[in-house]
Amino acid sequence: MKKLIQTLKNIWSIEELRSKIITTLLLILIYRLGAHIVLPGLDPNKINLAGAKSGALGLIDAFAGGAFSQASIFALGIMPYISASIFMQLMTILVPQMQKIQKDGDSGRKKINQWTRYLTVAVTMVQAGAYVAYLRQTNSSALFESYKEFFWVSTMIVLTAGTLFVMWLGEKITDKGLGNGTSLIIMVGILARLPQALMQEWDHQNVRGGGGLLIFLLEVMVLVAIIMGLIVLVQGVRKVPVQYAKQIVGNRQFGGARQFLPLKVNGAGVMPIIFAQAIMFLPTLISYSSFESGKGIAKIFGDPKNGWHMIIYAVIVIAFTFLYTALIFNPKQIAEDLKRNNGFVPGVKPGQPTADYIGAIMDRITLPGAIFLAVAGILPGFAQWAGVTQGFASFFGGTSLLIMVGVILDTLQQIETQLLMRQYDGLMNTGRIQGRQTTQTSII
């Protein structure tokens with residue numbers, strides 16, 4: 001406890017870091033306040049969007065921090081920007097012209113960011129139109145009669161402006177705050193649902209009678225164990241030794257250091273689970289009435305507790321993990337960069353043999369990573385099958401928990417980097433922030 005207190009003092013003593021933390025908290029507070037402002041033209045007392053908290057719309061509501069089910073001005077949250085960013089990221093991998101623009105340095109990145117913003121506006125307009133139709137179908141009684149003729153246009157404008165404002169908040173957190181602004185906003189939205197989910201689970205266990213407290217504590221212990229396992233999955237790396245040749249320039253010697261090339265076990269991150277959920281939602285959205293009646297293939301794709309749902313979901317996650325890893329990981333480029341910097345893997349010839357060696361290692365470690373990721377994705381279904389409420393079960397794995405673990409670890413890493421730069425002696429005396437793993441990486 002003394003080490004933790006001293007570390008917190010060190011964090012607060014760095015003016016720049018303190019300013020970033022305060023800025024981040026203030027911007028997140030603005031986002032959370034806006035998530036409770038209801039769209040104009042709706043009576044807050046008559047809004048009933050309970051159906052948006054589960055099923056195909058539950059993930060959107062989770063990422064929006066409950067704003068979707070509250071008909072807030074931030075109802076669409078940051079998801080349109082995420083969709084646009086994913087699309088542009090894939091385009092930069094698949095389209096050679098986009099790759100050239102990305103390699104132009106800051107000017108290329110600024111151009112791609114600008115295109116991403118334009119695409120975000122288009123995606124938001126489409127989603128806003130669908131959301132307005134959904135509101136008019138399910139909550140027509142909440143509309144003020146005098147405002148009905150303006151509701152469509154005004155809501156689309158407000159929702160688009162709200163998404164762009166949230167996007168701006170994320171960029172400001174990245175620039176002026178702790179970084180990872182978009183991810184932090186998503187994480188805060190997910191965490192905002194945790195207290196309510198805990199209370200619902202507590203009430204549910206109490207209603208069941210004796211042993212409710214013990215079962216609730218066991219569920220919390222299992223959740224902690226799953227979080228620890230996901231930390232291992234996110235942080236897990238395979239260290240490939242890299243040796244740099246010695247160079248003598250004048251009277252000085254450069255290179256000769258032995259370092260490591262860290263290959264992540266889960267190189268694809270959370271993307272396979274997001275993609276799998278999008279695929280699983282399609283049949284449900286196409287035949288929603290069939291899902292409601294409990295018949296047809298949509299029932300399989302829409303019920304996380306269904307055995308076939310788990311199998312199909314796991315197969316999609318594993319397949320897309322290999323696909324996405326192959327798209328973003330280029331062993332040939334790594335081998336060329338190593339050769340350019342006079343680096344080599346001991347016992348392996350530079351060039352194509354090094355690329356084949358690194359690619360073979362990546363293929364071997366991707367398989368267990370993909371399997372563990374698939375297991376993490378279907379854990380909420382097992383939790384519901386075991387009697388956990390749907391809201392609390394969503395924290396037992398899947399996208400929500402992976403995003404939370406990843407973002408928290410990245411944020412801790414950034415804070416720790418600031419401490420190492422300015423309070424190195426203090427950290428040596430008080431210990432590093434717990435839960436972080438240091439990896440030696442080569443400069444490529």
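In this predicted model, Thr182 is in contact with Ile78, Tyr81, Ile82, Gly170 and Thr174, when its neighbours within four places in sequence are left aside. Thr182 belongs to helix H8, which spans residues 181-191. With a relative accessible area of 17%, Thr182 falls under the 20% limit and is therefore counted as buried. Pro195, by contrast, has a relative accessible area of 49% and is partly exposed; Pro195 has its place in helix H9 (residues 194-207). Although Pro195 and Phe392 stand 197 residues apart along the chain, their C-alpha atoms are separated by 9.4 Å.

Across the chain as a whole, the secondary structure comprises 19 helices and five strands. The chain has 444 residues, of which 43% count as buried. When contacts between residues at least 6 apart in sequence are considered, 70% of them join residues that are at least 24 apart.

The nonpolar residues of the interior were examined next. In soluble globular proteins, nonpolar side chains tend to be buried together. The largest nonpolar core of the model has 78 residues, and within this core Leu42, Tyr131, Leu135 and Leu230 touch the most other members. For Leu230, the contacts that remain once neighbours within four places in sequence are set aside are with Ala376, Leu401, Leu402 and Val405. Another core, of 14 residues, lies apart from the largest one, and its members include Leu263, Ile334, Val345 and Ile358.

Three of the strands form an open sheet, in which the order is E4-E1-E5 and the pairing is antiparallel. The edges of this sheet are strand E4 (258-264) and strand E5 (343-344), each of which pairs on one side only. Strands of a sheet pair through backbone hydrogen bonds, either parallel or antiparallel. Strand E1, covering residues 237-244, is paired with E4 in the antiparallel sense over seven bridges, and the pairing of E1 with E5, likewise antiparallel, runs over two bridges. Individual partners can be given for both pairings: Val240 has Leu261 as its bridge partner in E4, Val242 has Gln259 as its bridge partner in E4, and Gln243 stands opposite Phe344 in E5. Helix H16 (residues 352-385) lies across E1 and E4, and the direction of this helix makes an angle of about 45° with E4.

Aromatic side chains were also considered, and the structure was found to hold 10 aromatic pairs. In the pair of Phe68 and Tyr134, the ring centres are 6.3 Å apart and the planes meet at 25°, which is under the limit of 30 degrees, so this pair counts as stacked. The two residues come from distant parts of the chain, 66 residues apart, with Phe68 in the loop between helix H3 (58-63) and helix H4 (79-94) and Tyr134 in helix H6 (residues 106-138). Phe68 has a relative accessible area of 5% and is buried.

A further stacked pair is formed by Phe165 and Trp168, for which the distance from centre to centre is 5.8 Å and the angle between the planes is 25°. Here both residues are located in helix H7 (residues 148-176), where they are three residues apart, about one turn of the helix. Phe165 counts as partly exposed, with a relative accessibility of 32%, and Trp168 likewise counts as partly exposed, with a relative accessibility of 39%. Phe165 and Trp168 also belong, together with Tyr31 and Phe74, to one aromatic cluster.

Key: Residues numbered from 1 in each chain as written. Predicted model: local features only at pLDDT ≥ 70, side-chain atom pairs only at ≥ 80, totals over all residues. Heavy atoms only, no water. Phe/Tyr/Trp six-rings, centres within 6.5 Å; stacked < 30°, edge-to-face > 60°. Helix = DSSP H or I, 4+ residues; strand = E, 2+ residues; numbered from the N terminus. Buried < 20%, exposed > 50% of the residue type's maximum accessible area, 1.4 Å probe, protein only. Pairing = 2+ DSSP bridges. Contact = heavy atoms within 4.5 Å. Axes fitted to C-alpha atoms, helices over the stretch in contact; angles between N-to-C directions. Core = buried A, V, L, I, M, F, W, Y, C linked by side-chain atoms within 4.5 Å.
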